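Have a look at the sequence and coordinates, then read on.

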Amino acid sequence: MNPESNADAAIPATRLLYWAVRRELWENRSIYLAPLAVAALILVGFLISAISLPAKIRAASALSLMGQHNLIAQPYLVAAGMMMLTTLAVGVFYSLDALYGERRDRSILFWKSLPVSDITTVLSKAITPVVILPLVTFAITAMMQWIMLLVSSAVLLGNGLSAAPIWTHASLFEKWLMLLYHFLTVHGLWYAPIYGWLLLVSAWARRAPFLW
């Protein structure tokens, strides 16, 4: 019996899947670079708008509690919404190119020579937009919102105002739980059939998979 085949068989399937997913992250940097770029743009815009934050907080004191909450929480909700759109766009383009790109540049011939089954390869490409991409985007979104909260607090304290309303109405920790649930269910499980169809098109189409 070939000792190499025994060594290949001894590799756990979970380990093969782990390294297959790592390969997807190595080869498709847009999975984390695109959310990072959008988060950076959002932070730049938020820094510019923070100049008028003290005036907004003074005006919010005349509003009801619900009005204050909506005014303070709006930037965080808009930022999260833009990150969600980014997740959907990256997931669509990744799925369309996941197998088509490897067939186009013939790198699939190299990967098929490794001791990784087709099931593991396809499963890693399906897990990436359904699980990995939402988790990566959630982590970036949470860090972005945390920076927004710290910047808001620094601006208010620098203008002699209390940062308590920001921390009270932003309530990031509660929003993060809902955001994580939303990313995994809506942008993961809910869109999974769409990603599956796009992966099928990516494996089948000879050209222009986006049209199919």
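T141 is found in helix α8, where helices (H or I, at least four residues) and strands (E, at least two) are DSSP runs numbered from the N terminus. At 0% relative accessibility, T141 counts as buried; the cut-offs are under 20% relative accessible area for buried, over 50% for exposed and partly exposed in between, using a 1.4 Å probe and protein chains only. Mind that this is a predicted model, so local features need pLDDT of at least 70 and side-chain atom pairs count only at pLDDT 80 or more, while totals for chains, interfaces and linings use all residues. Residues are numbered from 1 along each chain as its sequence is written, and side-chain values use heavy atoms, with hydrogens and water left out.

**Around T141 and Q145**
- Setting aside neighbours within four places in sequence, T141 is in contact (heavy atoms within 4.5 Å) with A80, M83, L179 and F183.
- Q145 also lies in helix α8, and it counts as buried, with 3% relative accessibility.
- With neighbours within four places left aside again, Q145 is in contact with Y76, A80, L172, W176 and L179.
- The side chains of Q145 and W176 are joined by a polar contact of 3.0 Å. That term means a pair of N or O atoms within 3.5 Å; within protein, one must be able to donate a hydrogen and the other to accept it, and residues adjacent in sequence count only if both atoms are side-chain atoms.
- A polar atom of the Q145 side chain also sits 3.0 Å from the backbone oxygen of Y76.

**Nonpolar cores**
- A nonpolar core here is a set of buried Ala, Val, Leu, Ile, Met, Phe, Trp, Tyr and Cys residues joined through side-chain atoms within 4.5 Å.
- The largest one has 26 residues, and Y76, M83, M144, M148 and I166 touch the most other members.
- At least two residues of this core come from each of α3 (30-49), α4 (53-60), α5 (65-98), α8 (118-158), α9 (164-170) and α10 (172-190).
- Helix α8 gives the largest share of this core, seven residues.
- Not counting residues up to four places away in sequence, M144 touches A39, I42, L43, A79 and M83.
- There's a second, separate core of seven residues, including L96, V130, V201 and A205.

**The largest pocket**
- How much space lies in the largest pocket? About 370 Å³.
- On a 1 Å grid over the protein atoms alone, a pocket is an open set of points where a 1.4 Å probe fits, with protein on both sides within 12 Å along at least five of seven lines; lining residues have an atom within 4 Å of a point. Grid points are joined across faces, edges and corners, and the volume is the space filled by probe spheres set on the points.
- Of the 20 residues lining this pocket, F46, S49, K56, Q74 and P75 lie nearest its centre.
- Two or more lining residues come from each of α3, α4, α5 and α8, and α5 has the largest share with eight.

**V78**
- V78 has its place in helix α5 and is partly exposed, with a relative accessible area of 45%.
- C-alpha to C-alpha, V78 and I42 are 9.5 Å apart in space and 36 residues apart in sequence.

**Whole chain**
- The chain has 11 helices and zero strands.
- Of its 212 residues, 38% are buried.
- Among contacts with a separation of 6 or more, 83% are between residues 24 or more positions apart.
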